[in-house]
Amino acid sequence: MRVLYATDGGTPAEDAGRLVELLADRERTDVVVASIVPTGMPELRHLVAALQSDDARRKVAHDAVDQAVAALRAQQFTVDGVVREGRPAATLLEVAEEQQADLIVAGSGVSWFGARLLGSVSTGLLHAASMSLLVVHAAPTGVPGNVVVGVDGSDHAARAVDVASQLLDPDRCAVTVVCAAKLLAPTLAPPYMGYATVAPSPEIEEEALAPARNNAEHAVEVLRRRGFTADVAVMLGHPVKRLLTEVDETGAALAVVGSRGLDALDRAVLGSVSDQVVRYAPATLVGR
């Protein structure tokens with residue numbers, strides 16, 4: 001797999017690089033580290049950086065690439081580096097196309113009160129990239145090798161499983177495949193209203209769980225054939241709530257989801273599951 005890792009030398013970018021070091025398969029992953037020297041009118045929060053001279057900003061970008069390349073090479077990855085000038089998100093996409101990248105890896109910030117935020121660059125990549133994207137909010141904690149994969153039997157979920165299996169190292173990652181069974185009920189608690197977590201009877205629960213179990217077991221079979229340790233977690237409830245709960249309970253470093261497609265609507269609205277998971281999980285791989 002060919003990975004474009006975007007860095008500006010900041011903490012979120014360093015966290016993203018650390019995740020790659022911990023989880024990616026060194027033998028099958030080629031990394032291109034890219035840093036963009038911003039041009040044009042800066043956002044308000046970047047005004048301080050904009051006051052730097054052009055040479056100073058170029059030095060920051062080159063230093064960020066050099067440091068990331070050295071760190072990844074120390075972990076036995078095959079790595080190249082590139083520095084460009086332009087609008088960060090648009091230029092990163094251009095570099096990704098030029099490099100024929102299968103995946104873009106980018107860090108995203110955390111607000112002063114601890115909420116996970118999508119910055120302008122990661123948001124732009126999320127809604128415009130044609131290739132898969134890995135957004136990292138925080139360095140791995142808990143059990144770094146634990147990965148949670150959400151499936152629903154769709155083609156885009158199958159694609160996410162395929163992308164994850166190409167990127168991740170089966171010797172260092174243990175996967176839990178989650179599939180939430182939908183059973184509608186008059187649940188009033190937002191934002192997951194309408195999704196029952198308990199069935200009226202064991203028979204109804206089993207009827208609801210059976211398709212979800214089949215979807216999860218199919219994904220597990222694919223992963224096990226590719227050398228991964230993989231287990232199934234199937235339950236009633238909202239898919240976002242269940243997947244994020246599994247991430248928390250297992251201390252997973254990464255969540256994996258699919259996105260619906262690449263037409264104009266889907267680029268504007270990723271879909272309720274992928275859009276919410278990428279905002280709240282510590283790191284999310286959106287497979288395309």
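What share of the 288 residues in the chain is buried?

## The chain overall

Buried residues account for 48% of the chain's 288 residues. Keep in mind that this is a predicted model. In terms of secondary structure, you'll find ten helices and ten strands.

Now for the contacts. Taking those between residues at least 6 apart in sequence, 80% link residues at least 24 apart. As for the surface, the chain exposes about 13700 Å², with carbon and sulfur atoms supplying 54% of that.

Let's look at strand E2, which covers residues 30-38. Seven of its nine residues are buried, so E2 is largely enclosed by the rest of the structure.

E2 pairs with strand E1 (residues 2-6): the two run parallel and are joined by five bridges. Here Ala6 sits opposite Ala34 of E2.

## A closer look at Ser132

Ser132 belongs to strand E5, which spans residues 132-136. Is Ser132 buried or exposed? Its relative accessibility is 0%, and the cut-off for buried is under 20%, so Ser132 counts as buried.

And what does Ser132 touch, leaving aside residues up to four places away in sequence? Its contacts are Asp102, Leu103 and Ile104, then Val163, and finally Leu285, Val286, Gly287 and Arg288.

Terms used:
Residues numbered from 1 in each chain as written. Predicted model: local features only at pLDDT ≥ 70, side-chain atom pairs only at ≥ 80, totals over all residues. Heavy atoms only, no water. Helix = DSSP H or I, 4+ residues; strand = E, 2+ residues; numbered from the N terminus. Buried < 20%, exposed > 50% of the residue type's maximum accessible area, 1.4 Å probe, protein only. Contact = heavy atoms within 4.5 Å. Areas by Shrake-Rupley, 256 points an atom, 1.4 Å probe, with all protein chains shown as cover. Pairing = 2+ DSSP bridges.
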